[in-house]
Amino acid sequence: MSLVVLAVDDEPPALDELAYLLDADGRVAHVHRAGDATEALRVLRDTEVDAVFLDIRMPGLDGMELARILRRFAHPPAIVFVTAYDDGAVDAFDLGVTDYVRKPVRAERLGESLRRVAGLRSTPAPAAPPDEPAIPVELAGSTRMLPRSSVHWVEAQGDYARLHTADASHLVRVSLATLAERWANAGFVRIHRSYLVQLRLVTELRLTGSGYVVAVDGVELPVSRRHTRELKDRLIRAAKHDWTR
């Protein structure tokens, strides 16, 4: 598949390098360039592109704000953030971006992003909902997009959070409080100052000598006294909903 892409970066050397690497990939038919978000919108007004490779920190309208605008397009392009920073991760997964590439950009890493874009364009019915939030995580030296639905429980580790899936865990630079707020409508419940769980995956709530614990994936997690009543109420409401369906 031949892709038409747009590279956006306010730093000319970075834009030149990004455009060069994109143009060198055999899947790319044409690379448009923009030095800021306003110029990018002018390009997109007149040209349909398959993907926008986008820096986050730019003067004026930044990359995150541009991405939100692009998501409202009738046929939005895939969005790939290309950034030297990882503090945009929490907003990136809310936007459902296709990939999150760290600078300095390597040709093989960019090739992986293009494979994902090409896959989205060639697959009429992707396995995962396109609007499902995903968060960038580091895995074996590369950045991967982890769907929120694969996260079973979350553990606070200082200013970071460790996302636990069925078979792995990933440390991300986002606070537990932020995830608790943003994922509340997706069934995640705060059970402790250090733990957030997916309610539907709780298999047991049990009273021990030191207080209540819940079981998720065979792991027992403590429930603080202040969160016990809310958790019980949520579990009861969930059970009643299942019984009456």
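Two strands pair if DSSP finds at least two bridges between them. The views below show a predicted model.

**View 1. The whole chain.**
The chain holds seven helices and 15 strands. Of its 245 residues, 46% are buried.

**View 2. Strand β14 between its two partners.**
An open sheet of three strands runs in the order β13-β14-β15, and its pairing is antiparallel. β13 (202-208) and β15 (219-222) stand at the edges with a single partner strand each, so one side of each has no neighbour in the sheet. On average, neighbouring strands here are turned by 30° against each other, direction ignored. How many bridges link β13 and β14? Six bridges pair them, in the antiparallel sense. Four bridges join β14 (residues 211-216) to β15, again antiparallel. β14 is mostly covered, with five of its six residues buried.

**View 3. Val213 and the residues paired with it.**
Val213 of β14 stands opposite Arg206. In β15, the bridge partner of Val213 is Pro222. Another pair to find is Val216, which stands opposite Val219 in β15.

β13 and β14 are joined by a hairpin through two residues. β14 and β15 form a hairpin as well, with two residues between them. Look for Asp217 in the turn between β14 and β15: this residue has a positive phi of about 55°.

**View 4. The sheet of five strands.**
This open sheet has the order β10-β9-β8-β12-β11, with antiparallel pairing. β10 (169-172) and β11 (188-192) are the edge strands, and each pairs on one side only. From one strand to the next, the twist averages 25°. Follow β8 (residues 153-157) to β9 (residues 160-164): five bridges join these antiparallel strands.

**View 5. Leu18 in helix α1.**
Leu18 sits in helix α1 (residues 12-24). Is Leu18 buried or exposed? Its relative accessibility is 4%, so Leu18 counts as buried. Which residues does Leu18 touch, not counting those up to four places away in sequence? They are Ala7, Phe53, Val82 and Leu110. Leu18 and Val8 are ten residues apart in sequence, and their C-alpha atoms are 8.7 Å apart in space.

**View 6. The annotated residue Asp55.**
Asp55 lies in the loop between β3 (51-54) and α3. An unreviewed UniProt entry annotates Asp55 as "modified residue: 4-aspartylphosphate". The relative accessible area of Asp55 is 6%; buried means under 20%, so Asp55 is buried. Which residues is Asp55 in contact with, leaving aside its neighbours within four places in sequence? They are Val8, Asp9, Asp10, Gly63, Val82, Thr83 and Lys103.

**View 7. Asp50 at the other end of β3.**Asp50 is in the loop between α2 (37-46) and β3. Its relative accessible area is 17%, and Asp50 is buried. Leaving aside neighbours within four places in sequence, Asp50 is in contact with Ser2, Leu3, Val4, Pro77, Ala78, Val117 and Arg121.

Helix α3 spans residues 63-71, and its residues Gly63, Met64, Leu66, Ala67 and Leu70 are buried. Why do these residues share a side of α3? They cover an arc of only 160° around the axis, which puts them on the same side of α3. An α-helix has 3.6 residues a turn, so residues three or four places apart point the same way. Now turn to the N-terminal end of α3, which Asp62 caps. A side-chain oxygen of Asp62 lies 3.1 Å from the backbone nitrogen of Met64.

Notes. Residues are numbered from 1 along each chain as its sequence is written. This is a predicted model: local features need pLDDT of at least 70, side-chain atom pairs count only at pLDDT 80 or more; totals for chains, interfaces and linings use all residues. Side-chain values use heavy atoms; hydrogens and water are left out. Buried means under 20% relative accessible area, exposed over 50%, partly exposed in between (1.4 Å probe, protein chains only). Contact means heavy atoms within 4.5 Å. The arc is that of the directions from the helix axis to the C-beta atoms. A polar contact is a pair of N or O atoms within 3.5 Å; within protein, one must be able to donate a hydrogen and the other to accept it, and residues adjacent in sequence count only if both atoms are side-chain atoms. UniProt positions are given in the numbering used here, feature names are shortened, and annotations may be inferred rather than shown by experiment. Axes are lines fitted to C-alpha atoms, for helices over the stretch in contact, and angles run from 0 to 180 degrees between N-to-C directions.
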